[in-house]
Amino acid sequence: MQEKKTWDILSISSIPLVMTLGNSMLIPVLPQIEKELSISSFQVSMLITVYSIVAILCIPVAGYISDHIGRKKVIIPSLIIAGIGGLISGFASWQMEAPYMILLLGRLLQGVGAAGASPIVMPLVGDMYVKEDDVSKGLGMIETANTLGKVLSPILGAALATIVWFMPFFAFPAFCVISILLMIFLVKSPPLKKEPIRFRKFWQNMKVIFKREGRWLYAVFIVGGICMFVLFGVLFYLSTMLEDDYHIDGIKKGIILAIPLGALCFASYATGKAIGQDKQKMKWMTVVGIALLTVAIFAVSFSKDVYLLLTSLFISGVGIGIALPSLDALVTEGIDMEQRGSITSFYSSMRFVGVALGPPVFALLMKLSHSTMFLLNTLVCLLALVIILFAIKPEETVKATW
């Protein structure tokens, strides 16, 4: 990777790190929030879901705007909006007797900010480098920062909640300020190579891209969404089970939740360095990752033993960590720069669909048996494996240019 871009990449990596902290810090605190506010497990899961739903709706708009006015001009205001959302949630929890609806409003604003910040990072990295090998390494660092945020989140969230349960909401704006300063002073966004196209022409181009590249693009979108669905659903289940069945809470619970996420982090970093610009390797690394995820989720269905569960989740983390950087590289390097922000925004939206569906679906499935819940999720993982094998054919993918 070009040495002169090191600080740029490190600064950009702070964005997915911060956005992940904003969402995942709540995972270990959700059972405590449920008790403090006297709400149901489904209602508390909506604190994750509302963040993700609004992001799903806003991400394509942010991607389109970033293709027209530049990445930094979208990212920095979005970080400001996300920080304001965190402050609203924090003050509502602190000052109001029944803060749930205002909490949701604050989370909604955080979702709007997340939509304009984290998903724009991938096309920005793609813009910064000429060599595809450098793009792959950069995306590997971005995915590593994303997963590092997931590793730190449960520990940091649990630690902050020991002070007071709503402290994670107040911590998030401080992280946003750090990321804003890094973006302003250390990141030079490359200019767009062409004049922005009008919306009608843009829409026509999108239709041509999806008609020409649709099979593998839809496959990447769906598999990315499934990975996040399983990850956030299982984390929600594990957080609840550790507290209700094993009476493990606080920092100890945060550390346990961080174990599979640590595996995900290291696997992402190694995969980003290994795949280079070889699209065949990207596909087969994704196959290996999803196969590991499928086997691990299937193994969990046989027992509620916490050691089996943690071992299987460690393997799941490795699998997802192998798959995600490969999917990121496929979708980023397969699309020309002028449409890259828009296409990767659709991909990011699908990942947020997974984040949005995971906790509430698992909250509902928890009413069934443990075995049924994980067997159903094994089928979902098998579906992802079949999609990769038959729909992603790198030898047929050609970068769309205009």
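A search of the whole structure, a predicted model, finds six salt bridges. One of them pairs Glu243 with Lys35. The largest nonpolar core has 118 residues. Helix α11 is largely enclosed by the rest of the structure, because 22 of its 28 residues are buried.

**Salt bridges**

- The side chains of Glu243 and Lys35 meet at 3.1 Å, N to O. This pair links distant parts of the chain: Glu243 sits in helix α8 and Lys35 in helix α2, 208 residues apart.
- Glu243 counts as buried, at 11% relative accessibility. Lys35 is exposed, with a relative accessible area of 54%.
- Glu243 also meets Lys253 in a salt bridge, at 2.8 Å, N to O.
- Lys253 has a relative accessible area of 1%, so it is buried under the 20% cut-off.
- Shared partners join Lys35, Glu243 and Lys253 into one network.
- Asp127 forms a salt bridge with Arg71, and their closest N and O atoms are 2.7 Å apart. Asp127 belongs to helix α5 (residues 100-128), while Arg71 lies in the loop between α3 and α4, 56 residues apart.
- Both Asp127 and Arg71 are buried.

**Nonpolar core**

- Residues with the most contacts inside the largest core include Ile12, Met19, Leu30, Ile33 and Leu217. Helix α8 (residues 199-244) gives the largest share of this core, 24 residues.
- Ile33 touches Leu26, Ile39, Val44, Leu47, Trp165 and Phe169, leaving aside its neighbours within four places in sequence.
- In soluble globular proteins, nonpolar side chains tend to be buried together.

**Helix α11**

- Helix α11 covers residues 306-333. At 1.5 Å a residue, its 28 residues should span 40 Å, and its end C-alpha atoms are 40 Å apart, which agrees.
- At the start of α11, a side-chain oxygen of Asp305 comes to within 3.1 Å of the backbone nitrogen of Tyr307.

**Positive phi in loops**

- Most residues other than glycine have a negative phi.
- Ser38 is not a glycine, yet its phi is positive, about 55°. Ser38 lies in the loop between α2 (30-37) and α3 (41-69).
- The relative accessible area of Ser38 is 68%, over the 50% cut-off, so Ser38 is exposed.
- His247 also has a positive phi of about 55° without being a glycine. The loop between α8 and α9 (250-275) holds His247.
- His247 is exposed, with a relative accessible area of 65%.

Key: Residues numbered from 1 in each chain as written. Predicted model: local features only at pLDDT ≥ 70, side-chain atom pairs only at ≥ 80, totals over all residues. Heavy atoms only, no water. Core = buried A, V, L, I, M, F, W, Y, C linked by side-chain atoms within 4.5 Å. Buried < 20%, exposed > 50% of the residue type's maximum accessible area, 1.4 Å probe, protein only. Helix = DSSP H or I, 4+ residues; strand = E, 2+ residues; numbered from the N terminus. Contact = heavy atoms within 4.5 Å. Expected span 1.5 Å × (residues − 1). Polar contact = N/O pair within 3.5 Å; in protein donor to acceptor, adjacent residues only side chain to side chain. Salt bridge = Lys/Arg side-chain N within 4 Å of Asp/Glu carboxyl O.
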